[in-house]
Amino acid sequence: MAHALRLAERGLYTTQPNPRVGCVIARDDEVVGTGFHQRAGEPHAEVYALREAGERASGATAYVTLEPCAHHGRTPPCADALVAAGVSRVVIAAEDPFPQVDGRGIGKLRAAGITVESGLMREAARALNCGFFSRIERGRPFVRVKLAMSLDGRTALASGESKWITGAAARADVQRWRARSSAILTGSGTVLGDDPQLTVRLPDDAAFMPPLRVVLDRRLRTPAGSHVLDGSAPTLLLHGAAASCKDDRFARVERLALATPDDALDLRAVLAHLAGRGCNEVQVEAGPTLCGALFAAGLVDELLLYVAPLLLGDAARPLLQLPTLGEMALRWQLRVVDQRMLGADWRLQLRPA
């Protein structure tokens, strides 16, 4: 199963909106077939593994990181393929909550007399597909907030200048996190202040699906000439229902009006809309106002925090804008999932406790 999970990771940048899935077929101690899902619309992991195994799949055990599908989508059901190949046992890491599968794959296999076991390395399999499980089970993507700060908790000078707080290794690492995301979310304040590209920049031989750039711009303040309007990547601009634009600066992007309760875009409605578009993981790269609002609303699943060994002073801009706490018991508690050095910088991966 660990081998199957490593195979699944090879689809980290390319399978969305589908989950990342790996499969290993073994007879006794010999691996006879391996495969992983490479891209939506193409064969699933089990199909590749069965092709490699050929007749040796008969009587073998298939280790799959996610319950085999049981429905006709863009590809035939994998449960049927495993039955037709004559495997005798299927070991599944995690059950698939997708309504058209959700136990039906396991049911098909058992009905055909195949022994099915589930739960082996379930936590690791779910972690690999945190966005897929979040979208299906909670109706919203997995939200990861990326921030870079100095040792004194500042993200930019008072003037707004922030390039560069971290070094080259940390900035390259951000590109890999972008590549695994379905969407990169920012606010109009960041667009006005930094004019970010919000695109993935990886080595030329790296395969990935360009994430959707999402800009929250309630009043349509994004100026003509901004990188996010250049058409170089799929872009969605969400604005308030009352906002209007009489020029053609938004001609190369998609625009959608959302309700604005309390004079702000409804963040839960934003995430629900992105889930409806098949977005699994959303990476937020924004300023302290939007990031703080997501934290305050309980919508942040993970904080990716890059810390540089430098000081910017108390006049510099803060990490997050959060409500004032009246007592220490109300503090936002985080737990460290991972920590590592990237050049001279630290990267902390944190989740709400």
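# Notebook: helix ends, salt bridges, a cavity

I started just after α10, where G298 takes a positive phi of about 70°. I note at once that this model is predicted.

**Helix α10**

I then asked which residues of α10 are buried. I found P288, L290, C291, G292, L294 and F295. I recalled that an α-helix has 3.6 residues a turn, so residues three or four places apart point the same way.

From L290 I looked across to G189. Their C-alpha atoms are separated by 9.0 Å, although the two residues are 101 apart along the chain. I placed G189 in helix α8, residues 188–194. G189 is partly exposed, with a relative accessible area of 44%.

**Other positive phi values**

I looked up two residues other than glycine. M121 is not a glycine, yet has a positive phi of about 60°. I located M121 in the loop between β5 and α5. At 36% relative accessibility, M121 counts as partly exposed.

L198 also is not a glycine, and its phi is positive, near 55°. L198 sits in the loop between α8 and β9 (212–216). Is L198 buried or exposed? I read 2% relative accessibility for L198, so I logged it as buried.

**Cis peptide**

I checked the bond between Q16 and P17. It is a cis peptide bond, with omega about 10°. P17 belongs to the loop between α1 (2–9) and β1 (22–27).

**Cavity**

I ran over the whole structure and found one cavity of 30 Å³ or more. The largest cavity holds about 40 Å³ of space. Which residues line the largest cavity? I listed T15, Q16, N18, R20, N129, G131, F132, N280 and E281. I sorted this lining by class: one nonpolar, six polar and two charged residues.

**Salt bridges**

How many salt bridges does the whole structure have? I counted 21 from the search.

E117 and R89: their side chains meet in a salt bridge, 2.9 Å from N to O. I find E117 in strand β5 (residues 115–118) and R89 in strand β4 (residues 89–94), so this pair ties together parts 28 residues apart in sequence. Both ends see some solvent-accessible area. E117 is partly exposed at 35% relative accessible area, and R89 is partly exposed at 25%.

E95 and R122: the closest N and O atoms of this salt bridge are 2.8 Å apart. I put E95 in the loop between β4 and α4 (104–111) and R122 in helix α5 (residues 122–128); the pair links distant parts of the chain, 27 residues apart. E95 is partly exposed, with a relative accessible area of 28%. R122 is partly exposed too, at 33%.

R178 and E285: I read 2.8 Å, N to O, for the salt bridge between these side chains. R178 lies in helix α7 (residues 168–179) and E285 in the loop between β12 (281–284) and α10 (288–296), so parts 107 residues apart in sequence are tied together. Are R178 and E285 buried or exposed? The cut-off for buried is under 20% relative accessible area. R178 has 7% relative accessibility, so I count it as buried. E285 has 8%, so I count it as buried as well.

**Surface**

L151, L311, M341 and W346 make a nonpolar surface patch of about 440 Å². I looked at L311 in that patch. L311 lies in the loop between β13 (302–307) and β14 (317–318). L311 is exposed, with a relative accessible area of 65%.

A272 is in helix α9, residues 267–276. A272 is partly exposed, with a relative accessible area of 41%. I took the C-alpha distance from A272 to R51: 38 Å in space, for 221 residues in sequence.

Terms used:
Residues numbered from 1 in each chain as written. Predicted model: local features only at pLDDT ≥ 70, side-chain atom pairs only at ≥ 80, totals over all residues. Heavy atoms only, no water. 1 Å grid on protein atoms, 1.4 Å probe; cavity = no way out; pocket = protein on both sides within 12 Å on 5 of 7 lines; lining within 4 Å. Points joined across faces, edges and corners; volume = space filled by probe spheres on them. Nonpolar A, V, L, I, M, F, W, Y, C, P; charged D, E, K, R; others polar. Patch = residues over 30% accessible without salt bridge, like charges linked within 9 Å, V, L, I, M, F, W, Y side chains within 5 Å. Areas by Shrake-Rupley, 256 points an atom, 1.4 Å probe, with all protein chains shown as cover. Salt bridge = Lys/Arg side-chain N within 4 Å of Asp/Glu carboxyl O. Helix = DSSP H or I, 4+ residues; strand = E, 2+ residues; numbered from the N terminus. Buried < 20%, exposed > 50% of the residue type's maximum accessible area, 1.4 Å probe, protein only.
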